[in-house]
Amino acid sequence: MSLIEVEDLSVRYGARTVLSRVSMHIEPGEIVTIVGPNGSGKTSLLRAIIGAVKPAQGRVSQGGGVKIGYVPQKLHIDGTLPITVTRFLKLPSGAAAKQIEQALTQAGVPDLAKSQLSQLSGGQFQRVLLARALIGTPDVLLLDEATQGLDQRGSASFYQQIEQVRQATGCAVLMISHELHVVMSASDRVICLNGHVCCEGTPAVVASAPEYRALFGTGTGGALALYRHEHDHGHDHDHDNCDHTHTEAAE
Amino acid sequence: MLDDFMVRASLAGIGVAVAAAPLGCFVVWRRMAYFGDATAHAAILGVALSLALSMSIFVGALTIALLMALTVSLLSGRGYAMDTLLGVLAHSALAFGLVAVSFLTGVRIDLMAYLFGDILAVSVGDLGVIWAGAGLVVALIGWRWSALLTSTLNEDLAYASGIDPKREQLVLTFALAITVAVAIKVVGVLLIAAMLIIPAAAARPLSRTPEGMAIAAGIIGILSAIVGLRAAYVFDTPAAPTIVCVAAVTFLTTSLIRGVKLVR
């Protein structure tokens, strides 16, 4: 049985349909990435999975006893709210000191337990959010643009952390990202979303799919190649019908 | 002991401070200050209605405050910005309330008593209502504390933990309506928001955890009530505004302490 099964899901906000008849599933241990342009319904899909939006049609089901760890896109802590990392990790239902220590270590920030949440840097904050999602050893981690606001090095090291967590705990990962080149090379499967599922498959399959190229241009195919092995770098030189923005800017 | 009006006034002030402390923290964290204000303003309409129908002021104020809070909760996010909506509803309710009071023939009521409170006239029965209301508010917030805190931090985080943030918002709304209804007699509708916000804000620099802030706010609120009443007696000043002044001075002091700490 899949950890999460989305069947024929449609989501509407008022008269606007943001997702139409989306089906997908997540199997134990795999990393699945959702890519798609702004307004393509990526976040709505994730919010439907955690139950924050009600489906207009279709359904979202979880395997029996499946635990979800959710890492939100951004979390603004109001300066008026004093809260330590430890207290935050105990919300809402409490966690043992040992669990907290373990989660912080897995997330790569073992020394932050006593810090105030409002005083963390962007990278530290994301790791604390990750630690909170890891409490209670989830079967699947959901990450919504978790590296927004981090610089390239920061987000690369964050993704490495995710990979380590997966290796250590064996949990599946479903993430949304706009950083195609970084994410796609680490994923087992990529789902390209634009209100509906445009295409899906291994990173290489998706990157060469016409639907994907129509959305992101062929340039990103090259970006993917940079992070993969040498043998498909023939793509890079195929500039004939390429609307590569960098090339245009240089001319 | 309850025969002494100063004792009754102190107990009334303490009751309101106890209810206002944890609620006020959420009002501050969720930036609902204006929401508290609006609910309180609307309560004046409730006062007018209860005088017209000769029922208990507490029930009238509670009903209107609750209706107001629910209306705002339902309408928010549908076209108008929250502060516009609150401004329209709160001040219309206040205006209608004031006009309605003027129609009440034969009843000479002292409107000032409801705008600024009349803590020195608190009866033993009033005390019962205030403490029952305060107890209910503290119990309600204590019961929902973790869920409320999670929803305050992030709504999606709450959903992912199986908490419905909309339901928690209703809990706060309900607690706010009760607090407004019991506090009318003590500080009046114009100063209720002050008792919610100022002790919580004064407690902020002294706290490291949400629970610590709620307790510190409670202590500051209680001290403000006791010291304020004593000062009002000594200097012959209006009681409720004096209580709020003491809270404001406390806020200034803790802010300065924080400032000094930061400079060092």
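**Entry 1: before starting.** I remind myself that this is a predicted model.

**Entry 2: the sheet in chain A.** I began with the strands of chain A. Three of them make an open sheet, ordered S2-S1-S4, with antiparallel pairing. Which strands stand at the edges? I found strand S2 (16–26) and strand S4 (57–62) of chain A there; each has a single partner strand, so one side of each is left without a neighbour in the sheet. I also noted the twist, which averages 25° from one strand to the next.

**Entry 3: S1 against S2.** Next I looked at how strand S1 (residues 4–13) of chain A is joined to S2(A). I read off seven bridges between these antiparallel strands. Two pairs went into my notes: Glu5(A) sits opposite His25(A) of S2(A), and Val11(A) has Leu19(A) in S2(A) as its bridge partner. Then I turned to the hairpin that S1(A) and S2(A) form, where two residues lie between the strands. Gly14(A) has a positive phi there, near 65°.

**Entry 4: a helix over the sheet.** What lies across S1, S2 and S4 of chain A? I found helix H1 (residues 42–50) of chain A, which runs at about 115° to S1(A).

**Entry 5: two helices in chain B.** I moved on to helix H3 (residues 57–75) and helix H8 (residues 165–187) of chain B, whose axes come within 8 Å and cross at roughly 150°. The cut-off for roughly antiparallel is over 145 degrees, and H3(B) and H8(B) therefore count as roughly antiparallel to each other. Their crossing is right-handed. On the H3(B) side, I listed contact residues including Phe58(B), Ala61(B), Leu62(B) and Ala65(B). On the H8(B) side, Leu170(B), Phe174(B), Ala177(B) and Ala181(B) are among them.

**Entry 6: where the chains touch.** How many residues of chain B are in contact with chain A? I got 21 residues of chain B, in contact with 19 residues of chain A. Helix H1 (5–29), helix H6 (124–153), helix H7 (155–160) and helix H10 (210–235) of chain B each give at least two residues to the side that touches chain A. I sorted that side of chain B by class, too: eleven nonpolar, six polar and four charged residues.

How values were computed:
Residues are numbered from 1 along each chain as its sequence is written. Chains are lettered from A and ligands numbered from 1 in the order in which they are written. This is a predicted model: local features need pLDDT of at least 70, side-chain atom pairs count only at pLDDT 80 or more; totals for chains, interfaces and linings use all residues. Two residues are in contact if their C-beta atoms, placed from the backbone, lie within 7 Å. Helices (H or I, at least four residues) and strands (E, at least two) are DSSP runs, numbered from the N terminus. Ala, Val, Leu, Ile, Met, Phe, Trp, Tyr, Cys and Pro count as nonpolar, Asp, Glu, Lys and Arg as charged, and the others, Gly among them, as polar. Axes are lines fitted to C-alpha atoms, for helices over the stretch in contact, and angles run from 0 to 180 degrees between N-to-C directions. Angles under 35 degrees count as roughly parallel, over 145 as roughly antiparallel, 65 to 115 as roughly perpendicular and the rest as oblique. A crossing is left-handed if the near helix is turned anticlockwise from the far one by less than a right angle, and right-handed if clockwise. Two strands pair if DSSP finds at least two bridges between them.
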